[in-house]
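Here are my comments on the side-chain contacts, as numbered points. Please read them with the model open.

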Amino acid sequence: MKKIASLFFVCFLVACSGAKTYEPEEINPDIDVCVVCNMSITAEPYATKIILKDGTVHKFDDIGCMIEWMNKSNEDIAKKYVRDVTNGEWIELEHAVFVYNSNYWTPMNYGVVSFANEKHAKVYMEQEGNGELWTYEQLKKHRWGFEQ
């Protein structure tokens, strides 16, 4: 009986703590669509997402669509995620490394690709040819196609 009471107490404490986690959920290419352009999210390595503080998840097919949504929205964002295109790992937007080349293929042709680290970004640039290595601060200064 003591074990059951202890387990109940621990579950009660966790439930009452109110601590929310904002971890990314996987993309389902059969049903997930970009909230900006309404395109199916089939090129999963380029997918991005925003999780609001109320738990709402907004999914995007291209980082450019996510930035466009962020520029127009005043919703309370908890986390912003991009993927390392080399392995699909989710990374918080602010911690990612980016490569830009207007000729790089991305789902909406923004030409910005994200990576977990500089090593992955440099390997990608060598394989694809050319490109500019960007930090999050440089990404924020980029003039996107929807702004022109």
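**Salt bridges and aromatic pairs**

1. There are nine salt bridges, each being a side-chain nitrogen of Lys or Arg within 4 Å of a carboxyl oxygen of Asp or Glu. The model is predicted, so local features need pLDDT of at least 70 and side-chain atom pairs pLDDT 80 or more, whereas totals for chains, interfaces and linings use all residues. Residues are numbered from 1 along each chain as its sequence is written, and side-chain values use heavy atoms, without hydrogens and water.

2. Lys59 pairs with Glu25, with 2.9 Å between the closest N and O atoms. Lys59 is in strand β2 (residues 57-60) and Glu25 in the loop between α1 and β1, so the bridge ties together parts 34 residues apart in sequence. Helices (H or I, at least four residues) and strands (E, at least two) are DSSP runs, numbered from the N terminus. Lys59 is buried at 10% relative accessibility, while Glu25 is partly exposed at 40%. Buried means under 20% relative accessible area, exposed over 50%, and partly exposed in between (1.4 Å probe, protein chains only). Glu25, Asp32 and Lys59 are linked in a salt-bridge network.

3. Glu118 and Lys122 form a salt bridge at 3.0 Å, N to O. Both residues lie in helix α3 (residues 118-128), four residues apart, about one turn of the helix.

4. Aromatic pairs number seven. Rings of Phe, Tyr and Trp (its six-membered ring) pair if their centres lie within 6.5 Å; planes under 30 degrees apart are stacked, over 60 edge-to-face, the rest tilted. Tyr46 and Trp105 are edge-to-face, at 5.3 Å centre to centre and 80 degrees between the planes.
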